[in-house]
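User: I'd like to learn how to read a ligand site and a few side chains. Could you walk me through one?

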Amino acid sequence: MLKQAMSDWSVDSWQSFPAKQQPAYDDPQELRAVLNQLGRLPPLVTSWEIDRLRTQLAAAQAGQAWLLQGGDCAESFSDCQADPIASKLKVLLQMSLVLIFGSGQRIVRVGRIAGQYAKPRSSDFETRDNDTLPSYRGDLINSADFSTNARRNDPQLLLRGYERAALTLNFIRGLSEGGFADLHHPENWDLDFVAGSSKFERYQGMVHSLSNSLRFIDAISENPMPEMGRVDFYTSHEALHLNYEQALTRESVRGTGWYNLGTHLPWVGERTRELGGAHVELLRGIRNPIGVKIGPKADPHEIVDLVRHLNSENEPGRMTLIHRFGSQQIEDLLPAFVSAIAEAGVPVLWVCDPMHGNTIAADSGKKTRKFDDILSELRAAFAIHRECKSRLGGVHLELTGEPVTECIGGSSGLSEADLHTAYNTTCDPRLNYEQAMEIAFCVANEIAPHSARLTD
Ligand code: PEP
Ligand code: CO
């Protein structure tokens, strides 16, 4: 229930706080008309689903579950098609099966999907060959092509984004509810380009043992277990475009407060998470679980204050802290955050994003990430939490189900020279299938009980 402390919050109270990373529109009237329309359209998710996710994240905080969060850096409208969506789901389901198998724990699956359309930018402008244009801010705001027209902020794109989020979610819901997600048929999740991949062979070995176990369970149980035939799959995105997020923030019909019904798990990014800023103000009043990214510029005490501000009731499952320090800095920086949070006694779920602190520019100028840096940050995160008597409870990844060449390294040995062959991201470089599965095997080993560690 909303308590006294929320009496000074309203769905538009963020408007009197400084708001970073907001696009300016030429025609305020057109923006207002779009927002009015968005505010009347049906929600994309329900408050019941959000409450269920909060409970599952509370279980992860308590050490009884693990969070797998992943998807594109920036979803693009043109990828709102059956194959890319199904492929992303397949990779996440395969990864979660590896994690369940390795750890014997429940895995909470959350996509960066069905709304990850707005991007924060470090510069408002981009220059190419002496031509300077506004930066691309995600398909919700403008378009990636380098032309004056494409880079104009267009309010109609808010509606196009909402619609694509709805189409994506509709497809995901259909796939997760039955048939496709049935554990008896994991072959539904095979991707057609992976035959011959060493990670796929290893995965298939696991699937084979799983099928034997399922046959055994089916033989001894009297009733079919519905949880074997479906999966829970939740959505998340960076809550960046405040007018859009406000339009989808609604009061629940059953009197349990305000929810952002545009996604299950909104997060606030490294560039907009400051206390006293508009993003934090909007998220403060909603009932969703909330993610907060923490980068090298953060201060541990500031993060404690932020957690207290966003979760004044100390509600389990409410706060997920996603650290992304980079493989070079995690050892120096993370311990102080872990001890500050422990000393403050505030409940959080610790998650490692091993992507955003490890972005580099290749000689060609393309943004890339070295697989070894990603793996090394992730391993360091496990070790540091263990040493600090804390627990890493999840991973946050940028990945895709397409055979892209955006991150270098991994068992297939992608090099800088391969980057141009399938570099399709409109923003940050993503892990491909092989690389994502390699991360899943590594995580499974780290979270497995000692006796059950997987061998290569
Ligand atoms: C992102 O997740 O794509 C992102 C921009 O992250 P961060 O806020 O951690 O930089
Ligand atoms: Co990114």
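Analyst: Happy to. A residue is near a molecule if one of its heavy atoms lies within 4 Å of it. Ligand 1 is surrounded in this way by Cys-73, Arg-112, Lys-119, Pro-120, Trp-267, Gly-269, Glu-270, Arg-271, Lys-293, Arg-324, His-356 and Glu-398. This is a predicted model, in which local features need pLDDT of at least 70 and side-chain atom pairs count only at pLDDT 80 or more, while totals for chains, interfaces and linings use all residues. Residues are numbered from 1 along each chain as its sequence is written, chains are lettered from A and ligands numbered from 1 in the order in which they are written, and side-chain values use heavy atoms, leaving out hydrogens and water.

User: How many residues of the shell around ligand 1 are nonpolar, polar and charged?

Analyst: Ala, Val, Leu, Ile, Met, Phe, Trp, Tyr, Cys and Pro count as nonpolar, Asp, Glu, Lys and Arg as charged, and the others, Gly among them, as polar. Here the shell has seven charged, three nonpolar and two polar residues.

User: Which distance from an oxygen atom of ligand 1 does Lys-119 show?

Analyst: A polar contact is a pair of N or O atoms within 3.5 Å; within protein, one must be able to donate a hydrogen and the other to accept it, and residues adjacent in sequence count only if both atoms are side-chain atoms. For Lys-119, a polar side-chain atom lies 2.7 Å from a ligand oxygen. Lys-293 has a side-chain N or O atom 2.8 Å from an oxygen of ligand 1, and for Arg-271 the distance is 3.1 Å.

User: Is Gln-21 buried or exposed?

Analyst: Buried means under 20% relative accessible area, exposed over 50%, and partly exposed in between (1.4 Å probe, protein chains only). Gln-21 counts as buried because its relative accessible area is 18%. Its side chain reaches the backbone nitrogen of Arg-121 at 2.8 Å and makes a polar contact with the side chain of Arg-137 at 3.1 Å.

User: What does the side chain of Ser-135 reach?

Analyst: The side chain of Ser-135 reaches the backbone oxygen of Ser-123 at 2.7 Å. With a relative accessible area of 7%, Ser-135 is buried.

User: And why is Ser-390 put in its accessibility class?

Analyst: Ser-390 is partly exposed because its relative accessible area is 21%. The C-alpha atoms of Ser-390 and Val-338 are separated by 7.2 Å, though these residues are 52 residues apart along the chain.
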